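Welcome! Keep the picture open beside the text as you read.

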Amino acid sequence: MFWRLLWKLLRGSSGRLVVAILALVTGAMVISALLNLEFDVERKLTQEFRMLGANLVISPGHDAQVNGAAPAALMNQSEAFAAIQSLKDPAVVAAAPFLYIVERAGNTPVVVAGTKLEELPELEPAWRIEGQWTSSRENQIPCIVGRNVARQLHLALGSTLLLSYLGKTTQATLVGIVDAGGAEDNQVFMGLAEVQRLAGLPGQIGLAQLSVRGTAKNISEFAARLAAALPSYEVRPIRQVTEAEGDLLNRIRLLIGSMVVLILALTALCVLATMAALAMERRQDVGLMKALGGSIARIVTLFMAEVGVLGAAGGFVGAILGIELSRWMGQRVFGTAISLRWEIFPLTIALMVAVALAGALPLRLLGKVKPAVIFRGE
Amino acid sequence: MATLVQVENLRKEFGNVCALAGVSFRVEAGEWIAIMGPSGSGKTTLINILGGLDMPTSGQAIVDAIDVGRLDESGLTRFRAQKIGFIFQQFHLVPYLTALENVMLAQYFHSTTDEKEAREALERVGLGDRVEHLPGKLSGGEQQRVAVARALINHPKLILADEPTGNLDEANEETVIQLFHELHREGHTILMVTHAPSIGRLADRRIAFAHGRLVEVPASLKTSP
């Protein structure tokens, strides 16, 4: 009989309850979208910030020495990369060594960076390249140049670049022109081994750059572990990137949290207004139920169950719509769809049931109805 | 016969208004009592107190050995569910429940529902073919018969009827009065408020009220059929 009564209550007041249901569905939709966004925003932001490039640098420490002697501004390539590999951390997206020297292209001095060209697309995903990152042809030494260098030296893809350094020369083939939007636009990038040969510094590098996936905290933790493995070198996160990420994440979370609370309050107020009107309508029914021997607990439980069902139904429908809304928002904000988080469903439904019950305060007051007063028409 | 209802010096005041001013009487089990008097004389107040819908200001209202005035909220709830069957002038059916569900509602608040028994109660009042109708689809007489079925479904000790034919036309009034005759024959104790002398004369006894006090029953009403 309980469920029969519940169904009849819902049907009997469907017109009045439409407003409450709409409020619950709308509230649930926005809350579910925001929560889904909130749950996924860390992953999305991390991805976005990886676009900014390397976020960790290994450089020679103050007491760094190579082979026990100068120059102290260099590091041992094998030692640094062995340490990175020993950590076996899947969060490391890319790691590239760099050795910088200033060579001459004709009469023009240019900064040449020896590195692993094949690591650059992962390390600096925001760089735009015309041509290719590297070449697999064995009979040529590939290089890529910044767009300013290409313009200044009148270079085009396939051009030959003759570089000289301390009496040694090399002839590289231009396979790509890079637009980095920074100092890299004025540099030439070549294979590390060739630059080491020109510089006479086999096995030595000036620094290593890493792109590590994760939050600012994750990156700091990884840096600490790497620093422990490389005590003679300096390992540091690029603070601007990691701090900006953490700061933005906190701001977004605060904003989303505030909006969720605000929407919950507004939804509860809307439900409250509807239930107040419904409570007035139901005074007669409650008076009768009490006259028939209905206990306050049993009558109020019936009405609360009705509101709970409304909240659950509104939460369920709203959660489905909210997931779609979050996908749309993700597409608009991040350019990719937000991943579906299944835990949003029970969370949204539970929140909506709680909000509906909070908004049903006027129905609880029906317990105070006096049948004799109602029957007297007061 | 045992005394089912004992009212002793019962008073009920609403602020400065005295609705019942020290009323005393007894009702034996199986009696049909007509409570008569002009509007505002305290008839409905008496019914409400005897039914546990209102509390007396002083005095005693004892029904089936229970002093209604001493019951707390939960005690009153149990008392209404187990001892009393109400029949109101305005029928007071739940509009979104069918005739059958209105009867089952009383079962639900009493103990457990029994659809078969509820159907039989409706068949007994001649509504076997109207069980699935909503109150809005029933005539006044039919609605009052649903109310009678609902009042009887839990086998109450006392049936309290407040102007049960007040809203009915002559034909329906006759049908409902016939039902009360049957209930009386079966041994039910009935307290019925009525304005109609013709209905009052059908009862075993008549109690007359004026200004909250019992008064002598007019001679024209003294004869039982």
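A residue counts as buried if 20 or more other C-beta atoms lie within 10 Å of its own, where the C-beta atoms are placed from the backbone. With that in hand, look at strand 11 of chain A: L207(A), Q209(A) and S211(A) on one side are buried, and so are A208(A), L210(A) and V212(A) on the other, which leaves both faces covered. Please keep in mind that this is a predicted model.

**Strand 11 of chain A and its partners**

- Which strands pair with strand 11 of chain A? Strand 1 of chain A (residues 56–60) is joined to strand 11 by 3 bridges, and the two run antiparallel.
- Strand 3 of chain A also runs antiparallel to strand 11 of chain A, with 6 bridges between them.
- You can find the partners residue by residue: L56(A) has L210(A) as its bridge partner in strand 11, while A96(A) has Q209(A).

**A hairpin in chain A**

- Strand 3 (residues 92–105) and strand 4 (residues 108–115) of chain A pair in the antiparallel sense over 7 bridges.
- Together, strands 3 and 4 of chain A form a hairpin with 2 residues between them.
- In the turn of this hairpin, G106(A) has a positive phi of about 70 degrees.

**Two sheets in chain B**

- Chain B has 7 helices and 10 strands.
- Four of the strands of chain B form an open sheet in the order 2-1-4-5, with antiparallel pairing. Strand 2 (17–28) and strand 5 (66–67) of chain B each have a single partner strand, so one side of each is left without a neighbour in the sheet.
- Within that sheet, strand 4 of chain B (residues 58–63) pairs with strand 5 of chain B over 2 bridges, and V63(B) stands opposite I66(B).
- Another open sheet in chain B has 6 strands in the order 6-7-8-3-9-10, and its pairing is mixed. Its edges are strand 6 (84–88) and strand 10 (213–215) of chain B, each pairing on one side only. From one strand to the next, the twist averages 25 degrees.
- Strand 3 (residues 32–36) and strand 9 (residues 205–210) of chain B run parallel and are joined by 4 bridges. In strand 9 of chain B, A208(B) is the bridge partner of M36(B).
- Helix 5 of chain B (residues 140–152) packs on this sheet, touching strand 6 and strand 7 (158–162) of chain B. The direction of helix 5 makes about 170 degrees with that of strand 6 of chain B.

**What lies inside**

- In soluble globular proteins, nonpolar side chains tend to be buried together.
- How many residues are in the largest nonpolar core? It has 111, and those with the most contacts inside it are L24(A), I35(B), L50(B), V103(B), L122(B) and L191(B).
- Helix 2 of chain A (residues 14–50) gives the largest share of this core, 15 residues.
- Beyond its neighbours within four places in sequence, L50(B) is in contact with V5(B), A61(B), V63(B), V68(B), L160(B) and L191(B).
- A second, separate core has 51 residues, among them L117(A), L174(A), V178(A) and L192(A).
- Of the 225 residues in chain B, 49% are buried.

**Where the chains meet**

- The contact between the chains takes 21 residues from chain B and 17 residues from chain A.
- On the chain B side, helix 2 (73–83), strand 6 and helix 3 (99–110) each supply at least two residues. The largest share, 7 residues, comes from helix 3 of chain B.
- Sorted by class, the chain B side has 12 nonpolar, 6 polar and 3 charged residues.

- Chain A has a mean pLDDT of 84, and 92% of its residues reach 70 or more.
- Over residues 64–71 of chain A, pLDDT stays under 50.

Methods
Residues are numbered from 1 along each chain as its sequence is written. Chains are lettered from A and ligands numbered from 1 in the order in which they are written. This is a predicted model: local features need pLDDT of at least 70, side-chain atom pairs count only at pLDDT 80 or more; totals for chains, interfaces and linings use all residues. Two strands pair if DSSP finds at least two bridges between them. Axes are lines fitted to C-alpha atoms, for helices over the stretch in contact, and angles run from 0 to 180 degrees between N-to-C directions. Two residues are in contact if their C-beta atoms, placed from the backbone, lie within 7 Å. A nonpolar core is a set of buried Ala, Val, Leu, Ile, Met, Phe, Trp, Tyr and Cys residues joined through C-beta atoms within 7 Å. A residue is buried if 20 or more other C-beta atoms lie within 10 Å of its own, exposed if 12 or fewer, and partly exposed in between; C-beta atoms are placed from the backbone. pLDDT is the predictor's confidence in each residue, from 0 to 100. Ala, Val, Leu, Ile, Met, Phe, Trp, Tyr, Cys and Pro count as nonpolar, Asp, Glu, Lys and Arg as charged, and the others, Gly among them, as polar.
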